[in-house]
Amino acid sequence: MSTRTFLLSLVTITTMPLSAAVMPPAIEDSDLTAYFLRVLEGEEPFQYTNDAKLTWQDVESARTRVWEAWKAANQDYDADLLPQLTPLADSLTHSWLLPAALEPTAKLPFFYGSKGDVRPTEGYPLFIYLHGSGAKEQEWSTGFKLCKRFADAPSAYFIPQIPNEGEYYRWWQKAKQYAWERLLRLAMISDDINPNQLYVFGISEGGYGSQRLASFYGDYWAGAGPMAGGEPLKNAPAENCFNLAFNLRTGAEDTGFYRNTLTGYVQQNFKKLHTAEPDYYNYNVELLPGYGHAIPYDDTTPWLIKQPQRNPYPKYVAWENFEMDGLKRHGFYNLWEEEDPLQGKSGRVYYTMRIKDNHIDLIVRKVTYTVMESQDGIDLRFTKSYTTLNAGKVRVYLNEQLIDPAQPVTITVNGHQGWSGMVEPTLTDMVNSVAGYYDSERIYPASVLIDLANPTAIGDIRLDADDSAQGSSLTYNLSGRIVPSDTSGVLITSSGNKILRK
């Protein structure tokens with residue numbers, strides 16, 4: 001398998017200027033499948049462009065065609081799709097060989113099975129369980145027994161054994177990232193799995209791993225349940241968990257590696273975030289009195305399964321794009337980083353986005369950490385400072401759940417007036433968002449590319465014959481406000497065309 005295509009981040013997108021929507025010419029589904037297959041095989045980074053435009057009435061049927069083409073490409077590319085679901089009690093084992101370029105001789109054995117007698121209509125919730133750092137065969141076996149008994153049926157389970165062992169060998173390193181992204185990709189095309197009920201949890205080393213993965217892949221999870229862990233917040237920023245159910249449980253007497261102290265700081269941070277954004281940050285962080293490293297494990301998945309499913313279209317996004325084993329994400333929910341705002345310099349970018357009534361408020365800043373407390377070489381507590389960034393490019397993907405496509409959209413960038421106009425659906429955006437996110441719920445039909453150095457740029461200005469200065473009924477300025485008919489400048493007609501009135 002190619003290693004060029006793993007990590008939803010090692011790619012770029014190119015698109016075309018928006019123009020009036022027209023029906024697309026005939027496009028063969030096989031052409032889309034062939035394109036997706038080339039992307040999966042690593043023959044090219046995805047840069048799909050097509051002059052075909054859609055009307056908003058065509059979006060749903062086009063979305064179905066694009067997704068079916070993606071599924072067909074995956075079936076052609078991946079000889080080892082997710083195995084057929086059998087009862088978890090049958091203890092059938094499977095394995096994936098991970099790319100040698102990422103880790104030599106790394107095989108990932110796993111159990112994959114279901115619990116409960118009836119398959120839910122929307123598909124099974126999928127739980128990914130990560131074991132601790134003892135002898136891997138014993139840890140894997142113990143984890144399998146635990147997962148069978150957890151009261152969360154009906155459910156499906158992916159229970160991997162860590163490929164190798166070592167002094168500093170972790171669930172979140174590069175080769176394992178490849179495995180998680182492959183799992184996410186294959187789970188999304190499986191009719192057996194509910195794409196909005198994916199959960200990651202684990203114990204001890206699996207608790208550390210699941211906390212990091214919760215933050216790094218926060219746009220995929222419905223919930224996360226680290227147990228007997230407690231990462232420094234710099235390794236797993238809580239901000240990224242704004243739209244998932246987060247459950248961290250640690251023994252109050254678990255002093256090893258300051259797990260109890262760190263869990264306390266995580267609890268404080270989530271409380272602060274929830275106070276600022278009360279509609280977000282659904283969390284349960286507990287220090288269990290009287291317990292050390294061994295705690296009760298049976299409460300986590302029942303709590304997670306009772307929480308709301310993932311909302312794939314939140315109108316508030318918080319994303320600290322942090323590095324995990326040298327790799328970063330380039331997409332998170334409906335944001336896609338096309339050009340690094342740090343311009344190749346080290347550091348982290350923090351994005352916040354809020355949508356209200358077709359207005360998008362986007363803030364892009366650099367995050368700087370200052371260590372406030374450190375013990376035995378472990379940085380425990382931090383403060384953050386932020387600096388506005390005015391370089392780089394970010395694409396804001398949009399759909400009917402995020403905005404009203406019949407009305408103009410305005411975007412404020414770093415507190416200043418930015419882009420404004422009508423958004424139109426394109427095949428380009430649908431194809432590129434699928435190739436970027438692998439997500440059946442995020443096949444976005446439209447987008448706006450924001451140049452942080454020049455956010456007021458509006459692309460091409462077109463004088464349409466049907467909207468000439470003499471005959472047109474001009475409706476909006478670039479802020480989306482109705483203006484008098486004699487207003488000069490760049491305007492937007494009721495049909496969505498940009499015109500230049502002198």
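How are α1 and α8 oriented to each other, oblique or parallel? Let's find out on a short tour.

**Before you start**

This is a predicted model, in which local features need pLDDT of at least 70 and side-chain atom pairs count only at pLDDT 80 or more, while totals for chains, interfaces and linings use all residues. Residues are numbered from 1 along each chain as its sequence is written, and side-chain values use heavy atoms, with hydrogens and water left out.

**Stop 1: α1 and α8**

Select helix α1, residues 29-40, and then helix α8, residues 427-437. Helices here are DSSP runs of H or I with at least four residues, strands are runs of E with at least two, and both are numbered from the N terminus. The axes of α1 and α8 come within 11 Å and cross at roughly 40°. An axis is a line fitted to C-alpha atoms, for helices over the stretch in contact, and angles run from 0 to 180 degrees between N-to-C directions. So α1 and α8 are oblique to each other. Angles under 35 degrees count as roughly parallel, over 145 as roughly antiparallel, 65 to 115 as roughly perpendicular, and the rest as oblique.

The crossing of α1 and α8 is right-handed: in such a crossing the near helix is turned clockwise from the far one by less than a right angle. Now show side chains: L32, Y35 and F36 of α1 meet L427, V431, N432, V434 and A435 of α8, where contact means heavy atoms within 4.5 Å. By class, this contact has seven nonpolar, one polar and no charged residues. Ala, Val, Leu, Ile, Met, Phe, Trp, Tyr, Cys and Pro count as nonpolar, Asp, Glu, Lys and Arg as charged, and the others, Gly among them, as polar.

**Stop 2: bring in α2**

On the α2 side, the contact is made by V59, A62, R63, V66, W67 and W70, and on the α8 side by L427, M430, V431, V434 and A435. Sorted by class, there are 10 nonpolar, no polar and one charged residues.

Next, look at α1 with α2. Their axes are 8 Å apart and their angle is about 50°, and α1 passes α2 in a right-handed crossing. Among the residues in contact are L32 and F36 of α1 and V66 and W70 of α2.

**Stop 3: two loop residues**

Most residues other than glycine have a negative phi, and most peptide bonds are trans. Select A153 and P154: a cis peptide bond joins them, with omega about 0°. P154 sits in the loop between α3 (136-149) and β5 (155-160). Then jump to S204, in the loop between β6 (193-203) and α5 (205-216). S204 is not a glycine, yet has a positive phi of about 60°.

**Stop 4**

Finally, select Q211, L233, A236, A238, C241, F246, V266 and F270, which line the second largest cavity. On a 1 Å grid over the protein atoms alone, a cavity is a set of points where a 1.4 Å probe fits but cannot get out, and lining residues have an atom within 4 Å of a point. The lining has seven nonpolar, one polar and no charged residues.

Notes:
On a 1 Å grid over the protein atoms alone, a cavity is a set of points where a 1.4 Å probe fits but cannot get out, and a pocket is an open set with protein on both sides within 12 Å along at least five of seven lines; lining residues have an atom within 4 Å of a point.
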